[in-house]
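Colleague: I would like to go through the terms used for this model. Please set each one against its definition.

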Amino acid sequence: MKNCFLLFLFGIVFSLSSWAQQTIVKGSVLDGTTGEPIPDVTVTIEETGQSTKTNASGTFRFIENLPLGEQVLKVEKVGYVSKRYPIVINEGQTVDISGMTLDFDSSDKKDLFIISISDDNLNSEDDGLTDNISGLLQASRDVFLNAAAFDFSATFFRPRGLDNANGKVLINGIEMNKQFNGRPQWGNWGGLNDVQRNQVFSMGVSANDYTFGDLAGTNNIIMRASKYRRGGRVSYASANRSYQGRVMASYSSGLLEGGWSYSVLGSRRYGENGYIDGTLYDANSFFVAVEKQLNDKHSLNFTGIYAKNRRGRSTAITEEVYNLKGRQYNPFWGMLNGEQRNSRMREIDEPILMLNHFWDVSSKVKLNTNVAYQFGKIGNTRIDNGGTRLVNFNGEQTYIGGARNTDPTYYQNLPSYFLNVDGAPTSYDYELAYLAQQEFIRDGQFNWTDIYRANINSTANGNNAIYALQEDRIDDKQLSANIILDAELADNIRLNGAVNYRNLNSENYALVKDLFGANGYLDVDFFAEETDPNQNISNLAQSDIRNPNRIAGEGERYKYNYEIDANVVSAFAQAQFKYNKVDFYVGTNVSQTSYQRNGLYQNGYFENNSFGKSKKEDFTNYGLKGGATYKLSGKHLIDVNAAYLTKAPTIRNSFENARQNNEFVNDLNSETITTIDASYIFRSPIVKARITGFYSTFEDGTDIGFFFTEGNSGAFIQEVLTGIDRRHVGGELGIEAQVTPTIKLKGAASVGQYIFTNNPNLYLSSDDFENDLTFGDGTAYLENYHVAGGPERAFQIGFEYRDPDFWNVGVTANHFSNAYVDVNNLKRTARFNTNLDLITEDTFRQGGNISGYPFNDYDPIVARELLKQEQFEDYMLVNIIGGKSWRVDDYFIGFFATINNVFNQEYRTGGFEQGRRIDYRSQLTEQTNENGPVFGNRYFYGNGTTYYLNMYVRF
């Protein structure tokens with residue numbers, strides 16, 4: 001018994017001596033202002049690259065394979081100024097460096113995000129900020145991605161050629177990408193900058209704790225009350241880009257007695273014009289988060305977001321219009337009773353309510369359960385000029401009315417129209433062109449007075465409205481829920497998993513927003529035409545046969561009315577492994593997606609396929625990914641990531657024309673994506689650099705376009721492109737050098753090629769066709785054309801100076817090239833060499849396949865030139881940023897400012913070929929007319945010199 005006791009005592013002493021001989025580095029990080037602990041701070045030993053994060057108490061610990069001797073700890077977190085602390089590590093000793101501080105970064109570019117992502121060009125009704133990806137990248141500290149988010153974004157530059165539908169945005173672990181188009185609706189949380197600084201970004205398909213991710217990366221915005229440091233901030237911003245002024249105030253309590261914490265914010269953004277004329281900005285945003293720590297293991301958080309905004313839209317313009325009116329011209333607005341009014345308003349009003357439960361099952365296992373509900377509306381207005389009245393003619397009903405296109409840039413209002421004549425223009429033609437030119441220069445704005453006058457006169461004669469302001473509405477109700485698991489299986493092995501569910505009910509309809517002095521609008525299709533002797537025009541023209549010849553009043557639905565039900569169930573699992581020389585991960589996901597349309601109107605053209613529920617389309621998808629980081633040394637790393645995944649088509653690309661019928665796209669398939677990237681990373685106390693090569697392929701994509709075409713084929717058509725294959729290949733570089741304690745040099749570069757790699761299938765659908773229409777073999781010859789979407793090449797050099805007296809300035813020069821116009825797909829089919837003048841209208845409207853009927857003067861060499869994709873000119877933009885802060889007692893007062901495009905460079909950010917006059921002879925006339933084309937390409941132009949100034953008080 002005595003020997004056993006001595007053996008036990010010896011074991012304890014041996015254990016204690018072994019513990020005492022361990023080499024440990026530990027410490028804590030505090031807020032330099034409040035003295036409170038900061039969680040989720042990344043602490044890195046620069047020599048080896050070992051890193052860890054602080055816990056909720058702001059503490060950290062290293063205990064394995066520590067380098068000995070003089071070392072440097074790098075301490076960093078987004079929203080704070082990074083710091084480096086020298087330490088000495090001796091074997092068998094503990095280094096305790098508690099009380100390190102981080103100071104709030106007064107020049108943090110998060111405030112710039114909302115006004116630097118080119119949201120002035122609201123050219124899409126599908127999303128408020130086109131498809132710009134910079135918002136996704138704003139949380140990254142990577143040198144290249146920072147350049148892409150804050151300096152390249154004004155050009156619609158897309159890293160790796162990807163738009164924001166290829167990335168994921170989460171709030172508190174809940175995915176926020178819209179099911180309609182796969183893109184995040186940035187306006188849903190706009191104006192909340194102060195409470196969006198805590199973000200976790202993973203680049204590309206690399207390991208992510210919350211979700212499988214996507215090619216453009218994943219950004220989780222953490223909006224928990226307990227994660228905000230105690231204090232408040234009041235700021236005022238002035239700008240001339242999208243809004244003219246912004247007022248914002250926020251306060252966070254920090255952790256209070258009883259385990260409560262809360263955070264609140266209110267802001268207003270406003271302006272009659274951005275850089276583009278007539279782009280009204282009217283936005284109010286509110287945020288509240290309340291959290292209760294129930295005990296040491298459980299916490300419950302509520303987050304509410306209400307960001308209502310109303311914006312005046314602008315549009316792409318032709319070179320002819322640009323030459324007459326300049327890049328700030330916007331045809332959508334005009335004066336009414338001394339006030340500016342835009343006919344194309346976009347309103348977003350979609351509150352978000354979220355409940356989050358956090359459970360620390362043990363010290364190594366965490367379970368997070370989230371439920372979110374989003375509801376509200378998105379509305380886009382436009383002028384409806386198809387107002388009619390019902391008359392009886394020879395015993396038959398018919399409709400009389402309609403009005404001229406109200407767009408000031410309508411082709412018949414421009415000089416080129418009067419000079420586009422057979423033979424040489426006469427002196428009279430030149431006189432008409434001159435008069436049109438002078439009138440357009442003198443005014444050229446939307447004429448509200450004429451619209452009111454026409455409707456008032458029509459009403460006085462006992463008739464219906466000729467014009468109405470139509471609002472295209474999407475009223476969504478979405479329930480989201482998920483459970484996220486984070487388990488530490490061993491010191492070097494982590495398991496992440498999630499199960500997600502999303503249910504969407506989306507009401508889509510047209511609303512009579514304004515009748516301009518009239519009493520009602522006859523809800524029929526003025527352009528309806530009988531394509532069959534058995535058809536009845538009085539039925540064919542009806543938006544809803546069940547309510548024929550309905551007179552719609554203000555605030556009532558008309559034209560189209562349907563619901564989309566969508567359900568997505570998905571699961572994700574990932575394992576991460578960390579070793580001395582290599583870290584690696586593997587991940588997988590599986591999902592089930594279903595769509596169904598429920599028509600609430602019975603459309604006259606589609607009597608048997610518009611009312612009631614459609615069939616249900618289901619898509620089963622999966623993904624596999626993996627990656628590794630090999631540590632050659634603490635300074636040199638090799639990083640590789642790869643993935644293979646399939647993605648269901650979005651709602652937008654699943655239905656041929658959901659506004660009128662239940663038809664799904666023919667041969668609808670999920671898209672297959674394969675990607676790989678490899679990086680060399682260099683990290684030293686002075687230089688940080690990354691060079692990456694990437695290669696991605698996309699197969700079986702689908703895209704739907706809507707446009708009006710001319711000739712005896714004149715119709716509003718849906719262009720359905722299926723089986724699209726693309727290849728994105730290129731490289732990117734980011735490098736920065738802290739050459740002195742105050743001066744940092746930086747550079748970034750991206751060189752890519754993003755092209756179509758096959759000739760996909762194309763067919764046309766329209767209420768004017770009895771059957772879907774194809775030309776030739778139905779092929780669109782797009783192979784080797786470039787995928788439009790900003791410049792493929794971008795380069796940056798710049799510097800930052802950060803003075804110890806709390807002021808800073810930075811300058812960047814950015815060069816862009818190899819940007820291309822978005823080609824018209826139909827023009828690359830057999831339609832280009834089909835002479836429709838040889839085809840009867842009945843044959844055309846019957847649909848089916850049209851082959852033959854070529855132009856007898858078709859020249860393949862000339863055709864090749866006519867079909868050549870336009871490349872935009874190169875350009876360079878210089879940007880300046882600077883700021884200064886002061887501490888006055890417990891208050892921080894400061895400002896920062898930016899000037900973008902210092903030298904007022906004129907440049908095109910994008911553009912597209914129009915869908916009218918797309919055959920060989922028409923294009924030959926258009927492109928060789930010495931007086932310019934009538935239907936030339938439309939372009940988006942970048943802003944000239946703009947500024948942003950923010951002044952704030954923080955306490």
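Modeller: I will begin with helix H12, whose buried residues pack against H11. This is a predicted model, in which local features need pLDDT of at least 70 and side-chain atom pairs count only at pLDDT 80 or more, while totals for chains, interfaces and linings use all residues. Residues are numbered from 1 along each chain as its sequence is written, and side-chain values use heavy atoms, with hydrogens and water left out.

Colleague: Which residues of H12 are buried?

Modeller: In H12 (residues 920-928), they are Tyr-920, Gln-923 and Glu-926. Buried means under 20% relative accessible area, exposed over 50%, and partly exposed in between, with a 1.4 Å probe and protein chains only. Helices are DSSP runs of H or I with at least four residues, strands are runs of E with at least two, and both are numbered from the N terminus.

Colleague: Why are the buried residues of H12 said to line one face of the helix?

Modeller: Seen down the axis, they fall within an arc of 125°, so they line one face. The arc is taken from the directions from the helix axis to the C-beta atoms.

Colleague: What caps the N-terminal end of H12?

Modeller: Asp-919 does, with a side-chain oxygen 3.2 Å from the backbone nitrogen of Arg-921. A polar contact is a pair of N or O atoms within 3.5 Å; within protein, one must be able to donate a hydrogen and the other to accept it, and residues adjacent in sequence count only if both atoms are side-chain atoms. At the N-terminal end of H4, Asp-142 is the cap, its side-chain oxygen lying 3.1 Å from the backbone nitrogen of Phe-144.

Colleague: Why is H4 called largely enclosed?

Modeller: Seven of the eight residues of H4 (residues 143-150) are buried, so the rest of the structure largely encloses this helix. Among them are Val-143, Leu-145 and Phe-150.

Colleague: What makes E4 and E7 edge strands?

Modeller: The open sheet has the order E4-E1-E7, with mixed pairing. Strand E4 (59-62) and strand E7 (94-102) each have a single partner strand, so one side of each lacks a neighbour in the sheet. Two strands pair if DSSP finds at least two bridges between them; E1 (residues 24-31) and E7 are joined by seven and run parallel. Leu-30 stands opposite Thr-101 in E7.

Colleague: How many residues are in the largest nonpolar core?

Modeller: That core has 29 residues, and those with the most contacts inside it include Leu-764 and Phe-844. A nonpolar core is a set of buried Ala, Val, Leu, Ile, Met, Phe, Trp, Tyr and Cys residues joined through side-chain atoms within 4.5 Å.

Methods: Contact = heavy atoms within 4.5 Å.
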